Amino acid sequence: MLGSHGRISSGKLDYIDALRGTAALFIVVYHLSLLKIPDLLLDPIMFTQHSVILFFIISSFTLYLSMDNRQDEEGRFLMFYLRRFFRIAPLFYSMIIFYIFANYLIYDHIPSVMELFSNIFFLFNFSASYFESIVWTGWSIGVEMIFYLLMPLIFLVVNTIRRSVIFIAFTIGFRDLFKMIFPEVLVDKYSHESFITNFPVFAIGISCYLVYKYYIPRVNGSYRSAVSMLLFLPSAILFCLMATNRLPFLIPSRPIPWNCWYALAFGLLLLSLSLYQNKLLVNRVTRFYGNISYSVYLVHPVLVYSLGPAYRFVYDHANIPDALNFCLCLLLTLAVVTPIAFLTYHLIETPGIRYGKRLIARL
């Protein structure tokens, strides 16, 4: 609900943590998709790769929420940049150091000065050569950091639902214009992992927040579960179409890009959970993984790679269907990823956040 000075005073948003945790777990599932799995499960498992879009939706939603709640803070935009830096950089820099040593020892490879520079200063998504980052799965961090850079200006201008809809159209138009003028740039993986392609997703997240801010508080308590279901149903329909790869046959990719349909589905789900928290999605497990989701996201790729021999052993020696082999490998992966991510969260992420808070308090 709205508090004083227009602040949103809804307390801790457990469903946001739960959605973060779900997204992180889905990304782990996707990176196991190279294992042998039944054809029936192939499309749903491949669908999980789009969970990164959920991270982007949550990011723009929560950053708007944070900016609204700190509107009286002196120098709030500088404080915003400092908070974002100390939230992201400590673990990301730690992983850069790890990958530099690992790549040198295993592949005798050392990154170029330009590649290292672009990673240290979070500029790698501007380059079609370095956009994937030294850190595996780090491309999305490059996308996020560009959004962080633009966020204060966007926040000042895009502050009504009408403006947010116009902003969505603008970001889609900007994407299409860029592709028309520079057709050789947004190609192959970069076409999916560039900020320009994902800009409309952040815009949809902003619209979700503004709906949450201006309309969700008006929903009477006795109708909250019903309205939640009305928002959940179209989201569920879109998810079913996307998970079975039927969406492209029913809805053209023009003028609305493919990732915007995913963003819409995730946005509707977020708004639905803001009204009624389904225990199947919002529970201790998903909230736990939500707290360590950034660590899970950054540390799991190298662990999945390292567990390759164990996966082969399971498939070669477990006399069970491939679907169960996949589930066993997933459980094995989580058994390794979870404690390591828990440690990096407490040993790297949390101290970095605390240091940022102390620095801000001194300014």
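Trainee: Where is Asp188 placed?
Mentor: Asp188 sits in the loop between H7 and helix H8 (190-193). Helices here are DSSP runs of H or I with at least four residues, strands are E runs of at least two, and both are numbered from the N terminus. The model is predicted: local features need pLDDT of at least 70, side-chain atom pairs need pLDDT 80 or more, and totals for chains, interfaces and linings use all residues. Residues are numbered from 1 along each chain as its sequence is written, and side-chain values use heavy atoms, with hydrogens and water left out.

Trainee: Why is Asp188 called exposed?
Mentor: Its relative accessible area is 65%. Exposed means over 50%, buried under 20% and partly exposed in between (1.4 Å probe, protein chains only). Asp188 is therefore exposed.

Trainee: What makes the phi of Asp188 worth a note?
Mentor: The phi of Asp188 is positive, about 55°, although Asp188 is not a glycine. Most residues other than glycine have a negative phi. Ser133 also has a positive phi, of about 75°, and is not a glycine. Ser133 is in the loop between H5 and H6. At 11% relative accessibility, Ser133 counts as buried.

Trainee: What makes Ile166 partly exposed?
Mentor: Its relative accessibility is 47%, so Ile166 counts as partly exposed. Ile166 lies in helix H7 (residues 161-181). Ile166 and Ala203 are 37 residues apart in sequence and 9.4 Å apart in space, C-alpha to C-alpha.

Trainee: Why is H2 called oblique to H10?
Mentor: Helix H2 (residues 39-47) and helix H10 (residues 224-243) pack at about 120°, with axes 8 Å apart. Axes are lines fitted to C-alpha atoms, for helices over the stretch in contact, and angles run from 0 to 180 degrees between N-to-C directions. Under 35 degrees is roughly parallel, over 145 roughly antiparallel, 65 to 115 roughly perpendicular, and the rest oblique. H2 is therefore oblique to H10. Asp43, Pro44 and Phe47 of H2 meet Phe239, Met242 and Ala243 of H10, contact meaning heavy atoms within 4.5 Å. Five of these contact residues are nonpolar, none polar and one charged.

Trainee: How do you know that H1 and H13 are roughly perpendicular?
Mentor: The axes of helix H1 (residues 14-30) and helix H13 (residues 284-291) cross at roughly 80° and come within 6 Å. H1 and H13 are therefore roughly perpendicular to each other. The contact has three nonpolar, five polar and four charged residues. Ala, Val, Leu, Ile, Met, Phe, Trp, Tyr, Cys and Pro count as nonpolar, Asp, Glu, Lys and Arg as charged, and the others, Gly among them, as polar.

Trainee: How do you know that Ser228 is buried?
Mentor: Ser228 has 4% relative accessibility, so Ser228 counts as buried. Its place is in helix H10. The Ser228 side chain reaches the backbone oxygen of Ser272 at 2.8 Å.

Trainee: Why is Phe122 called buried?
Mentor: Its relative accessible area is 7%, so Phe122 is buried. Phe122 is found in the loop between helix H5 (113-120) and helix H6 (139-157). Beyond four places in sequence, its contacts include Phe85, Ile88 and Phe92.

Trainee: Which residues does Phe92 contact, leaving aside neighbours within four places in sequence?
Mentor: Among them are Phe122, Ser133, Ile141 and Leu298.

How values were computed
Polar contact = N/O pair within 3.5 Å; in protein donor to acceptor, adjacent residues only side chain to side chain.
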